[in-house]
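Here is a short briefing on a protein chain and its RNA partner. Look over the sequence and the structure before reading on.

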Amino acid sequence: MQQVRVRFAPSPTGPLHIGGVRTALYNYLFARKNNGTFILRIEDTDQTRFVDGAEEYIMESLKWCGITVDEGINEGGKYGPYRQSDKKDIFRQYADLLIDKNDAYYAFDSRDQLDKLRKDADKEGKTFIYNASARNSRQNSLSLPEAEWKQRLKDGAPYVIRYRMPLNEDIHFDDLIRGHIVVNTSTLDDKVLFKSDGMPTYHLANIVDDHLMEISHVIRGEEWLPSLPLHIMLYRSFGWDAPLFAHLPLLLKPDGEGKLSKRDGDKMGFPVFPLYWPYGETAKGYREEGYYPEAFINMLALLGWNPGTEKEIFSMSELIDAFSIDRVHKSGSRFNPEKAKWFNHQYLMQRTNKQLAIEFREFLRIQGFHHDIGQIETLVGLVKDRVSFVSEIWNETDFFFKSPETYDKDAIKKRWKPETPAQLLELKEVLAGIEDFKPDAMESKVKSWIEAKGYNTGAIMNAFRIVIVGASRGPHMFDIISWLGKEETLKRIDKGVSVIGKSL
RNA sequence: GGUCCAUUCGUCUAGUGGCUAGGACGUCAGGUUUUCAUCCUGGUAACAGGGGUUCGAUUCCCCUAUGGACUACCA
């Protein structure tokens, strides 16, 4: 088998969305699986849509995801330049080559003229196609006398170079995911290959670049499938062997209306981008929402591909091991925010308490709390199975850091009895007498006290929880008070009994 | 409108010419728990429809329906 070389080729028109990340991921997995090369190529042939910062955003996104680039603008490589605008002269040469072969021609029609033709055709319920049946009545080097179009070129009249699509010919080709496809050239038009601004269009640039970079497999989104016949024709015109093609299914909007787009931003309640986009209309990113890159990648990998086993948690190297193109689906898939959270929870659970403590300490710092890392470690161990994100740990542990300011009314209504205050003050004395403020030791002492007095365990413990936590929530009571320490625990009992007593 | 692509539980999916059509997320119920979660157990729920082919089709073929992509001097 030929050396595997694949490319991810985004255009820097804004932040890369998760569909693009998945395309990059599948290219990357395929390259690694086959000991191939993963290339990042920037397709910036549309000068009008160029967005500052997008190129860096793309690179940073891949880096965050753990997708490492072998050849690219930063990495170098002997197939450069890796930014298409840096080689527009080369593309021009290839466009000229097609003209010489009579497979392309100059066209002078203005944008307005063509727009009008399209609109007029539309009014009659027809479609204007710039192809063999139309080109003779247009202004181009095929219809105009040679002297005239040469004069126009000499005069510097604006023109584009179009591909001369043959009439009524069946083009056969294969897609690694979709199988054999046949399209008749009569339904295709004479696509513009080279624009009047001196830049190639995508169609020319991607064929020439893929050839020059010796790309072996083109793995890209399904939206490119309709232009594949044109691309096949271009390879044929140049006399080049075409790479193998695999068109990936689309990522759909969660509300079931078409493909996911950048505009879907935050409105569905989940990010569409890997990272925060700081320019213009800003957008949230998975990184800033607290997702682990491993979880994000794991989730994305399983959206449109499946190894055929029931295994769901995959590290990047496991993905590389298991990945194959022929197990990529044909139909589009919808993203499920709930499952994304579940994935993150799985990865959070895999972290050690120490790692989580280090991460959570940053959140505490923002809240103005500074605790020993060992203490935080104990704390996250108590609540990690309740959260999907590190940021959620605060919601589960706020009462560790500050004494309750209010006490949940429903909890009081349900758990606070006339005898409760007296019992809690008794409990306070029991706790005051305990030297070793460890969960297990306290639990047995408190329980034997409850038993000796003939009290109801549930009643005591729930009321106790209210004065310590302020509500009916949180981890095991003895874990909580052990962490708080004796002094704070006794203080909270006094405060709770007093404040709740006044409110009744 | 034209061309092309697709169609298994609500979602992501497994799967086969003959199965009680499997799993995960969600959801519901029960259990565990001093609370809330977690956890455990169980339930719910799908082969788009119609024709063929076949002894037998969810699986193969055709048609229809539905969904989607493309239809720019954008990628």
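Of the atoms of RNA strand B within 4 Å of the protein, what percentage belongs to sugar or phosphate? The share is 71%, and the rest of those atoms belong to bases. The model is predicted.

- Several elements each supply at least two residues: the helices α4 (111-123), α11 and α18 (457-469), and the strands β4 (160-163), β6 (179-184) and β11 (333-334).

**Individual polar contacts with the RNA**

- Ser11 reaches a sugar or linking oxygen of RNA strand B; a polar side-chain atom of Ser11 lies 2.9 Å from that oxygen.
- Arg465 is placed at a base instead: a polar side-chain atom of this residue is 2.8 Å from a base nitrogen of RNA strand B.

**Domain layout of chain A**

- Chain A is divided into four domains.
- Domain 1 is written in two segments, 1-72 and 249-350.
- Domain 2 covers 89-194, domain 3 covers 352-392 and domain 4 covers 403-503.

**Where domain 1 meets domain 3**

- The centres of domain 1 and domain 3, taken over C-alpha atoms, are 29 Å apart.
- Domain 1 gives 10 residues to the contact, and domain 3 gives 9.
- Together the two domains bury about 830 Å² between them.
- Carbon and sulfur atoms account for 59% of that buried area.
- On the domain 1 side, His345, Leu348 and Met349 lose the most area to domain 3. Together these residues make up 53% of what that side buries.
- How many salt bridges does the rule find across the interface of domain 1 and domain 3? The count is 0.
- Polar contacts are present, with 3 residue pairs between domain 1 and domain 3.
- Helix α11 (residues 337-350) provides 6 residues, the largest share of the domain 1 side that touches domain 3.
- That side has 4 nonpolar, 4 polar and 2 charged residues.

Notes: Residues are numbered from 1 along each chain as its sequence is written. Chains are lettered from A and ligands numbered from 1 in the order in which they are written. This is a predicted model: local features need pLDDT of at least 70, side-chain atom pairs count only at pLDDT 80 or more; totals for chains, interfaces and linings use all residues. Side-chain values use heavy atoms; hydrogens and water are left out. Domain bounds come from an automatic or database domain assignment. Contact means heavy atoms within 4.5 Å. Buried area is the accessible area (1.4 Å probe) that two parts lose on being put together, summed over both. A salt bridge is a side-chain nitrogen of Lys or Arg within 4 Å of a carboxyl oxygen of Asp or Glu. A polar contact is a pair of N or O atoms within 3.5 Å; within protein, one must be able to donate a hydrogen and the other to accept it, and residues adjacent in sequence count only if both atoms are side-chain atoms. Helices (H or I, at least four residues) and strands (E, at least two) are DSSP runs, numbered from the N terminus. Ala, Val, Leu, Ile, Met, Phe, Trp, Tyr, Cys and Pro count as nonpolar, Asp, Glu, Lys and Arg as charged, and the others, Gly among them, as polar. A residue is near a molecule or strand if one of its heavy atoms lies within 4 Å of it.
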